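Hello,

Here is the structure we talked about. Please open it first, then read my notes below.

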Amino acid sequence: MASSSSSMLLFLSLLPLLPYITSSNIIIIPISHLPKNPHPDPYQHLSYLANSSLKRAYHLKNPQTTPPHTNTKIPLFSHSYGGYSSIPLSFGTPPQTLPFMMDTGSDLTWFPCGKNYQCINCSTYLNNTAKVKSFIPKLSSSSKTLACLNPKCAMVFPKIQCPYCELGSKNCTRRCPWYTYPYGSGDTGGSLLSETLHLPNRRVPDFLVGCSIRASDQPAAGIAGFGRGPASLPSQLAIKKFSYCLLSHLFADTNKRSSLVLVGGKNSVKKTKGVSYTPFVKTPEVPGRGHFLTYYYVGLRRITVGGRSLKIPHRYLRLDKNGSGGTIVDSGTTFTHMAPEVFERVAGEFEKLTKGYKRAEEVEALTSLRPCYNVSGIETPTFPSVTFHFKGGAEMALPEENYLVPAGWEVLCLTIRGDNLPMISSGPSIILGSFQMQNYHVEYDLQNERFGFKQQQCN
């Protein structure tokens with residue numbers, strides 16, 4: 001999963017509208033932009049997004065061990081955490097509805113918990129005014145602390161041992177251990193609960209969820225883990241496919257929304273019309289690197305800039321048996337990140353084809369993005385195309401607004417970054433971020449083990 005301030009997960013903010021359904025096997029939840037930019041200054045905001053993405057990349061490549069001792073259609077809003085999304089989910093009896101960030105890079109679903117929930121260094125997300133809405137277990141008759149012997153405890157603690165407890169013992173009162181879950185520069189901690197999850201057309205008892213009593217550098221919401229592990233929301237609900245469409249950042253300060261769609265049953269067998277697919281890449285099981293099994297790896301074969309295929313060493317494109325190299329898709333990363341050797345080839349070709357434009361080096365220093373260009377006086381600036389070519393023939397030809405961002409009134413910057421993490425040799429070489437997925441229908445077909453996408457206007 002994940003990173004707090006760094007992750008920039010999609011923020012699907014809590015809507016006043018209830019989720020709606022189109023069939024018994026489809027759940028639809030709204031996704032929109034957050035109402036306010038946490039940094040009104042454009043340079044500061046871009047620097048924040050760039051640095052948060054960098055921290056997220058560091059976490060995805062080298063997450064800490066958790067725990068240290070062992071260790072449907074829903075609305076999506078686009079803005080700051082991962083660039084996008086928070087989804088409204090209801091837990092408890094009677095239901096308590098809270099906003100959750102959707103994170104495809106982690107498994108655990110958790111909410112701020114209790115009246116004394118502490119969120120340290122969270123003012124960036126809260127704008128120093130909003131109060132975090134917490135789940136109150138005492139107000140729910142279905143809330144149960146998870147026992148150590150409960151099989152769901154092993155979803156988070158695979159090597160858990162319960163001293164003085166024998167399987168089947170009715171006298172064991174030992175609880176499942178306290179969890180600490182890292183997210184880039186921040187983390188969260190609390191206890192695991194068994195609780196009832198309420199969906200528009202479905203009631204899910206005994207859902208494993210984290211009751212976090214503290215967090216640092218987190219958004220004003222919980223996090224819904226959509227990764228590939230057993231504790232994730234799709235795994236617990238036996239979802240066959242989920243998809244979403246991310247609104248353009250042009251609508252960041254509006255009430256426009258799109259949808260997250262969860263699909264079960266036979267509907268997931270068919271291909272979606274107009275969608276290009278590439279198979280997920282099987283992740284090797286590497287001792288001490290179990291977190292890589294959570295990620296959605298895809299087979300990126302080539303990158304072209306201005307129609308020219310770049311010479312990228314194969315070791316960066318291929319996922320090896322030690323978990324190094326390869327490409328993942330991550331909703332929690334805002335700007336696409338690449339190993340330095342890959343990024344320099346992309347940026348170098350981009351710069352070569354834009355020699356006629358003046359570099360805005362002062363903006364590059366302020367935003368941590370490069371290259372940036374001053375386009376003042378140019379009526380219709382044009383830039384080289386950027387296309388990702390995947391295994392199976394799928395091609396993602398990015399529109400300019402998906403790889404260029406305005407920095408002030410007259411400057412445009414490339415939103416693909418080098419991760420500058422030479423000390424980390426393991427983990428994905430390329431992390432495809434949410435900014436590059438604007439106005440794309442994105443589909444995670446879990447049953448058929450494939451990733452799909454098609455360009456469309458999200459609304």
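**Cysteines and disulfides**

C153 has a relative accessibility of 0%, so this residue counts as buried. Keep in mind that the model is predicted. C153 forms a disulfide with C176, and the two sulfur atoms are 2.1 Å apart. The torsion about their S-S bond is about 85 degrees, so this disulfide is right-handed. It links distant parts of the chain: C153 sits in helix α3, C176 sits in the loop between α3 and β10, and 23 residues separate them. C176 has a relative accessible area of 7%, under the 20% cut-off, so C176 is buried too.

How many disulfides are there by the distance rule? The count is five.

C148 and C162 form one of them, with sulfur atoms 1.9 Å apart. This link is left-handed, with -90 degrees about the S-S bond. C148 is in the loop between β9 (144–145) and α3 (153–156), while C162 is in the loop between α3 and β10 (179–183). They are 14 residues apart. Both C148 and C162 are buried.

C372 and C413 form another, with sulfur atoms 2.0 Å apart. It is right-handed, at 110 degrees about the S-S bond. C372 belongs to strand β23 (residues 372–374) and C413 to strand β27, so the pair ties together parts 41 residues apart in sequence. C372 and C413 are both buried.

β23 and β27 belong to an open sheet of four strands, in the order β22-β23-β27-β26, with antiparallel pairing. β22 (358–359) and β26 (404–406) are the edge strands, and each pairs on one side only. β26 is joined to β27 (residues 411–414) by three bridges. Look for V405: its bridge partner in β27 is C413.

**A five-strand sheet**

Another open sheet has five strands, ordered β17-β20-β29-β21-β28, with mixed pairing. β17 (296–298) and β28 (416–418) stand at its edges with a single partner strand each, so one side of each has no neighbour in the sheet. From one strand to the next, the twist averages 25 degrees. Helix α6 (residues 340–352) packs on this sheet and touches β21 (336–338), β28 and β29 (430–432). The direction of α6 makes about 115 degrees with that of β21. β17 and β20 (residues 327–329) run antiparallel, joined by three bridges. There, V298 has T327 as its bridge partner in β20.

Is β6 mostly covered or mostly uncovered? Strand β6 (residues 96–103) is mostly covered, with seven of its eight residues buried. Strand β5 (residues 86–91) runs antiparallel to β6, and six bridges join them. I87 stands opposite F100 in β6. β5 and β6 form a hairpin with four residues between them. In the turn, G92 has a positive phi of about 95 degrees. β6 also pairs with strand β13 (residues 222–225), in the parallel sense, over four bridges. M101 stands opposite I223 in β13.

T109 lies in the loop between β6 and β7 (110–112). T109 counts as buried because its relative accessibility is 0%. Beyond its neighbours within four places in sequence, T109 contacts several residues, including F91, F100, F207 and I223.

**The whole chain**

The protein chain has seven helices and 31 strands. Of its 459 residues, 59% are buried. The chain exposes about 19300 Å², and carbon and sulfur atoms supply 51% of that.

Best wishes

Note on methods: Residues are numbered from 1 along each chain as its sequence is written. This is a predicted model: local features need pLDDT of at least 70, side-chain atom pairs count only at pLDDT 80 or more; totals for chains, interfaces and linings use all residues. Side-chain values use heavy atoms; hydrogens and water are left out. Two strands pair if DSSP finds at least two bridges between them. Helices (H or I, at least four residues) and strands (E, at least two) are DSSP runs, numbered from the N terminus. Axes are lines fitted to C-alpha atoms, for helices over the stretch in contact, and angles run from 0 to 180 degrees between N-to-C directions. Contact means heavy atoms within 4.5 Å. Buried means under 20% relative accessible area, exposed over 50%, partly exposed in between (1.4 Å probe, protein chains only). Accessible areas come from the Shrake-Rupley method with a 1.4 Å probe; for residues, only the protein chains shown count as cover. A disulfide is a pair of cysteine sulfur atoms within 2.5 Å.
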